[in-house]
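Here is a short briefing on one protein model. Please look over the sequence and fold before reading on.

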Amino acid sequence: MNSYCRICFKLTISFKALEKLPPTHFLMFSLPDTYLHKKVIDFRDQIKGLRANDVDPNMFTHVHSLHITIGMLRLISPEDILAAGKILKELTESVNDCVKDRSLLIRLAGLAIMDSSSENTNVLYARVEEVEADGRLMSLIDLLRARFKEAGYLVDTHSTFKIHVTLINSKYASTDERKSFDSTLILRQFGDTDFGSVKLPDIRLAKRALDRNMEYICESKISLP
């Protein structure tokens, strides 16, 4: 193998190794609405009061962590983080055009699970629907995902993208081994829960880590109309 081939081989190995690294950051819509937080806390308290409930209290999403994921990102170096933040800032005008300079209102109504069986659930979430139902939300998400995919930062962790707000996630529980829970009774009694409507305030590039207030650490953000 000549020197050129050896360099190509090493680069190929390095690229494959990077592809195996988990996402480090993500794009999200933050949900700081205090009325929504109250509704989620009420929901959490009701779930805790259910009989035959095997949901570990640590599985609940903290209200300050509530968000809508737009896309998972792999940003390996400080330079990558700066570059991704710059991309987001440069998209400000395109974002405003996409939403037609109007606020995006969403409603969180109804519960669903990511898993195939309610008896073995890992993620339970609130469904998200656009109040005006004019397609601006999905158009905006498509715009953002396409731009960050073009830049090589977007990580497609699932075959299909689903707009949702996670309320319970078994991976949050402080146990060595992830343990699923039975969501059957929750879905039966609270499946139609309506958390109300909220305005999406901004788009954030966030680190997959929480600060002392249980908010995801923001690297960069742009405001929405």
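The buried residues of α5 are Arg136, Leu137, Leu140, Ile141, Leu144, Arg145 and Phe148. Buried means under 20% relative accessible area, exposed over 50%, and partly exposed in between, with a 1.4 Å probe and protein chains only. The model is predicted: local features need pLDDT of at least 70, side-chain atom pairs count only at pLDDT 80 or more, and totals for chains, interfaces and linings use all residues. Residues are numbered from 1 along each chain as its sequence is written, and side-chain values use heavy atoms, with hydrogens and water left out.

**Helix α5**
- Down the axis of α5, the buried residues fall within an arc of 165 degrees, so they line one face of the helix. The arc is that of the directions from the helix axis to the C-beta atoms.
- Lys149 and Glu150, on the other side of α5, are exposed.
- With 15 residues, α5 reaches 21 Å from first C-alpha to last, close to the 21 Å expected at 1.5 Å a residue. The expected span is 1.5 Å times one less than the number of residues.
- Gly152 follows α5 and has a positive phi, near 85 degrees.
- Helices (H or I, at least four residues) and strands (E, at least two) are DSSP runs, numbered from the N terminus.

**Nonpolar cores**
- The largest nonpolar core holds 54 residues; Phe29, Leu140, Phe148, Leu167, Ile186 and Ile203 touch the most other members. Its largest share, five residues, comes from α5 (residues 136–150).
- Another core, of six residues, lies apart from it and includes Met72, Val155, Ala206 and Tyr216.
- A nonpolar core is a set of buried Ala, Val, Leu, Ile, Met, Phe, Trp, Tyr and Cys residues joined through side-chain atoms within 4.5 Å.

**Sheet**
- Four strands form an open sheet in the order β6-β4-β3-β7, with antiparallel pairing. Its edge strands, β6 (164–169) and β7 (194–199), each pair on one side only.
- Strands β3 (residues 105–113) and β4 (residues 123–130) pair in the antiparallel sense over six bridges. Two strands pair if DSSP finds at least two bridges between them.
- Ile106 has Glu130 in β4 as its bridge partner.

**Tyr216**
- Tyr216 lies in strand β9 (residues 216–223). At 15% relative accessibility, Tyr216 counts as buried.
- Leu205 is eleven residues from Tyr216 in sequence and 9.5 Å away in space, C-alpha to C-alpha.
- Beyond four places in sequence, Tyr216 touches residues including Phe26, Met28, His67 and Tyr172. Contact means heavy atoms within 4.5 Å.
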